[in-house]
Amino acid sequence: MDRPQVFAYYFPDWHRDPRNAQWFGEDWDEWQLLEAARPRFEGHRQPRIPIDGRFDEATPAAAEQQIRLAKQYGVDGFLVDYYWYDDGPYLQAALDDGLLAARNSNDVKFALMWANHELVDIFPHDDPLNDSPQRLKNGAIDRAAFEKLARHVIDRYFARPNYLTVDGRPWLSIYELGSLIAGLGGVEETADALQWFDEQTRLAGFVGLHLDAVIWGVGVLPAAITLDSPAGLVRRLGFRSATSYVWVHHADLAGFEFPRAEIGPLREAAFADYERYVAELDIPFYPNVTVGWDASPRTDQSRPFERGRYPWTTTFDPTPEEFRDGLLLAKSFLERHRQPHPIITVNAWNEWTEGSALLPDTHNGYAYLEKIRDVFG
């Protein structure tokens with residue numbers, strides 16, 4: 001098997017954004033949540049402190065440093081969490097003004113993962129029993145907004161020399177299929193919209209569109225829409241591959257010890273789902289490896305840390321060696337199932353406020369990145 005490409009999900013909320021300023025106050029970004037985080041139980045590793053400290057990701061200089069690290073340690077590119085609502089993009093400056101403006105931008109690949117989930121106010125979340133926080137934006141968008149999204153990404157991103165393509169098709173992941181269908185009005189309407197998107201991509205000079213479905217069985221965010229059996233749906237909608245976003249999508253966290261649990265059973269649950277998916281799907285399935293999970297920085301730090309709905313959930317803080325175990329399982333999975341164009345996704349490059357970051361911190365240093373280089377070169 002060819003060496004798998006390693007793509008890390010990139011979360012772009014580490015810069016100032018006009019919407020955030022309107023909702024949360026001038027100059028707000030998630031650095032404020034991260035820096036306010038405190039240990040919530042004995043042995044709790046908070047706050048997580050990046051080894052380079054706070055930086056503005058929407059600048060070429062900051063992006064250049066991240067790209068250098070990715071290339072040095074064998075991360076082939078970023079699947080950028082991309083937000084687009086009824087009135088257009090959100091958090092796009094990390095990509096447009098940072099990653100794509102960097103002088104070394106072409107040293108790594110990138111693609112979009114449309115994070116089309118409902119956006120709710122959990123910054124921070126003040127009550128573990130409140131499962132209906134204030135909605136900020138609806139993730140389900142109609143056909144007109146969808147077509148604006150499609151034309152924007154075709155024109156602005158697909159033609160970039162470092163945009164990820166598979167057999168000449170630009171890659172686009174879609175996070176929440178249920179939200180997609182709800183916004184477009186049904187399965188048949190969604191199939192028609194995606195076929196139109198593929199046609200527009202071909203008119204732009206490509207072979208077509210490579211749609212990648214993020215599939216999972218357990219919702220994490222309060223308004224998540226889950227699907228019991230995605231196989232028939234991804235076939236009907238024309239997806240060409242599927243993957244996972246994070247391991248906690250594959251196990252009910254209520255069944256784990258609280259406030260902290262070992263990563264092994266969570267990893268086993270995820271890979272059990274992956275085996276089921278690869279057996280059911282007639283398209284390639286690409287496994288995910290998760291660095292860790294700790295959403296407690298998004299909780300009200302003045303309240304006791306109690307079990308509840310996201311982000312009041314069990315935490316997982318695996319060692320770099322345990323992360324390596326996940327990488328080896330993903331490598332073995334691809335070798336056994338002979339998936340074409342092998343890809344491994346990693347959660348995540350920089351999800352600090354969810355406790356899942358490859359970027360070096362003051363506790364583990366560069367160890368997670370080193371494990372990627374150790375396993376894949």
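User: What does S241 touch, leaving aside its neighbours within four places in sequence?
Analyst: This is a predicted model, and in it S241 is in contact with W171, H210, L211, D212, A213, I283, P284 and Y286, once neighbours within four places in sequence are left aside.

User: Which of those contacts is polar, side chain to side chain?
Analyst: The side chain of S241 makes a polar contact with the side chain of H210, at 2.8 Å.

User: And is S241 buried or exposed?
Analyst: S241 is buried, with a relative accessible area of 0%. As for its place in the fold, S241 lies in strand 10, residues 241–243.

User: OK, switching to Q66. Where is that one?
Analyst: Q66 sits in helix 3, which covers residues 60–73. Its relative accessible area is 2%, so Q66 counts as buried.

User: What's the side chain of Q66 doing in there?
Analyst: It makes a polar contact with the side chain of W349, at 2.8 Å. Beyond four places in sequence, Q66 is in contact with Y10, F55, E57, F78, W349 and L359.

User: What about T59, where does that lie?
Analyst: T59 is in the loop between helix 2 (31–36) and helix 3. With a relative accessible area of 26%, T59 is partly exposed.

User: New topic, helices. How do helix 6 and helix 7 pack?
Analyst: Helix 6 (residues 177–184) and helix 7 (residues 187–203) pack at an angle of about 95 degrees, and their axes are 8 Å apart. That makes helix 6 and helix 7 roughly perpendicular to each other.

User: Which residues meet there?
Analyst: From helix 6, L180, I181 and L184; from helix 7, V187, E189, T190, A193 and L194.

User: What comes in the loop between helix 7 and strand 9?
Analyst: A204 has its place in that loop, with strand 9 being 210–214. A204 is partly exposed, at a relative accessible area of 42%. The C-alpha atoms of A204 and G53 are separated by 41 Å, and the two are 151 residues apart along the chain.

User: Now helix 10. Which of its residues are buried?
Analyst: P320, F323, G326, L327, A330, F333 and L334. They cover an arc of only 130 degrees around the axis, so they are on the same side of helix 10.

User: What covers them?
Analyst: The cover for the buried residues of helix 10 includes helix 9, strand 11, strand 12, strand 13 (343–347) and helix 11 (367–376).

User: How long is helix 10 from its first C-alpha to its last?
Analyst: Helix 10 reaches 26 Å with 18 residues, close to the 26 Å expected at 1.5 Å a residue. Just after helix 10, R338 takes a positive phi of about 50 degrees.

User: And helix 9, which residues are buried there?
Analyst: I263, G264, L266, R267, A270, F271, D273, Y274, Y277 and V278 are buried in helix 9. What covers them includes strand 11 (285–286), strand 12 (288–290) and helix 10 (320–337).

User: How many residues are in helix 9?
Analyst: 18, running over residues 263–280. Helix 9 reaches 26 Å from its first C-alpha to its last, close to the 26 Å expected at 1.5 Å a residue.

Key. Residues numbered from 1 in each chain as written. Predicted model: local features only at pLDDT ≥ 70, side-chain atom pairs only at ≥ 80, totals over all residues. Heavy atoms only, no water. Helix = DSSP H or I, 4+ residues; strand = E, 2+ residues; numbered from the N terminus. Expected span 1.5 Å × (residues − 1). Buried < 20%, exposed > 50% of the residue type's maximum accessible area, 1.4 Å probe, protein only. Contact = heavy atoms within 4.5 Å. Arc of directions from axis to C-beta. Polar contact = N/O pair within 3.5 Å; in protein donor to acceptor, adjacent residues only side chain to side chain. Axes fitted to C-alpha atoms, helices over the stretch in contact; angles between N-to-C directions. Parallel < 35°, antiparallel > 145°, perpendicular 65-115°, else oblique.
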